[in-house]
Amino acid sequence: MAERLNASCRCGGVKFSIPTDAAGVFCCHCGDCRKAHGNYMAVIGAPRDDVRFEADGTLQWWGYSDTARRGFCSTCGSRLFKDNIGTDLLMVSAGVIDGPTGKVIVKNILTEFKGDWYETPAVHDA
Ligand SMILES: [Zn+2]
Ligand SMILES: [Zn+2]
């Protein structure tokens, strides 16, 4: 496995990498994540200081509360980040990692709000 996981939006306007040992995958089923992602949100928690950008020209942030914002590509619309402001981790959408992640779903969050069209994903040991 490579030392870092490379990630990009659909159009390539945003490219970045995170360390391979970043935590997760975490799945959040809250109504907010469902609106943002069109489904539940699956994210990997990367140390904020160790997210390295190769390109970020089209990265846009939407700050929708004092404590949270979401990062997306303003060209292609890829949902890239959930940022809980003030925490050490930047949550990276698992689906934007290029190639194998070597990760498994380790936790479901706020399942009481999940949609009724799917089963809660199975959880595995990391
Ligand atoms: Zn893009
Ligand atoms: Zn959520």
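**Ground rules.** I am working from a predicted model, where local features need pLDDT of at least 70, side-chain atom pairs count only at pLDDT 80 or more, and totals for chains, interfaces and linings use all residues. Residues are numbered from 1 along each chain as its sequence is written, chains are lettered from A and ligands numbered from 1 in the order in which they are written, and side-chain values use heavy atoms, with hydrogens and water left out.

**Entry 1: zinc ion (ligand 1).** I looked up the protein donors and found Cys9 (SG), Cys11 (SG), Cys73 (SG) and Cys76 (SG), at 2.3 to 2.4 Å from the ion. Donors here are N, O and S atoms within 2.8 Å of the metal (3.2 Å for Na, K and Ca); water is not among the atoms, so sites may look incomplete. I then checked the geometry: the angles between the four donor atoms run from 106 to 117 degrees, which makes the arrangement tetrahedral (four donors with all angles between 85 and 135 degrees). Along the chain, the spacing of these donors reads C-x1-C-x61-C-x2-C. Cysteine 11 sits in the loop between strand 1 (4-8) and strand 2 (14-19), and cysteine 76 in the loop between strand 7 (68-73) and strand 8 (79-84), so this pair ties together parts that are 65 residues apart in sequence. Strands are DSSP runs (E, at least two residues) and helices are too (H or I, at least four), numbered from the N terminus. Cysteine 11 is partly exposed at 41% relative accessible area, and cysteine 76 is partly exposed at 30%. For the record, buried means under 20%, exposed over 50%, and partly exposed in between (1.4 Å probe, protein chains only).

**Entry 2: zinc ion (ligand 2).** I asked which residues coordinate the zinc ion (ligand 2). They are Cys28 (SG), Cys30 (SG) and Cys33 (SG), at 2.1 to 2.3 Å, and their spacing is C-x1-C-x2-C. Cysteine 28 is buried at 8% relative accessible area, and cysteine 30 is buried at 12%.

Entry 3: Over residues 5-119 I read 6% helix and 46% strand, with the end C-alpha atoms 28 Å apart.

**Entry 4: leucine 110.** I noted a positive phi of about 55 degrees here, although leucine 110 is not a glycine. Leucine 110 lies in the segment after strand 10 and is partly exposed at 35% relative accessibility.

**Entry 5: salt bridges.** I searched the whole structure and got five salt bridges, each a side-chain nitrogen of Lys or Arg within 4 Å of a carboxyl oxygen of Asp or Glu. One of them joins arginine 4 and aspartate 50, with the closest N and O atoms 3.1 Å apart. Arginine 4 is in strand 1 and aspartate 50 in the loop between strand 4 (41-47) and strand 5 (52-56), 46 residues apart. Arginine 4 is buried at 14%, whereas aspartate 50 is partly exposed at 23%. Aspartate 50 also pairs with arginine 52 at 3.4 Å between the closest N and O atoms. I also looked at aspartate 83 and arginine 69, whose side chains meet at 2.8 Å, N to O. That pair links strand 8 and strand 7, 14 residues apart. Shared partners join Arg4, Asp50 and Arg52 into one network.

Terms used: Four donors count as tetrahedral if all angles lie between 85 and 135 degrees; four count as square planar and six as octahedral if opposite donors are over 155 degrees apart and all others between 65 and 115; anything else is irregular.
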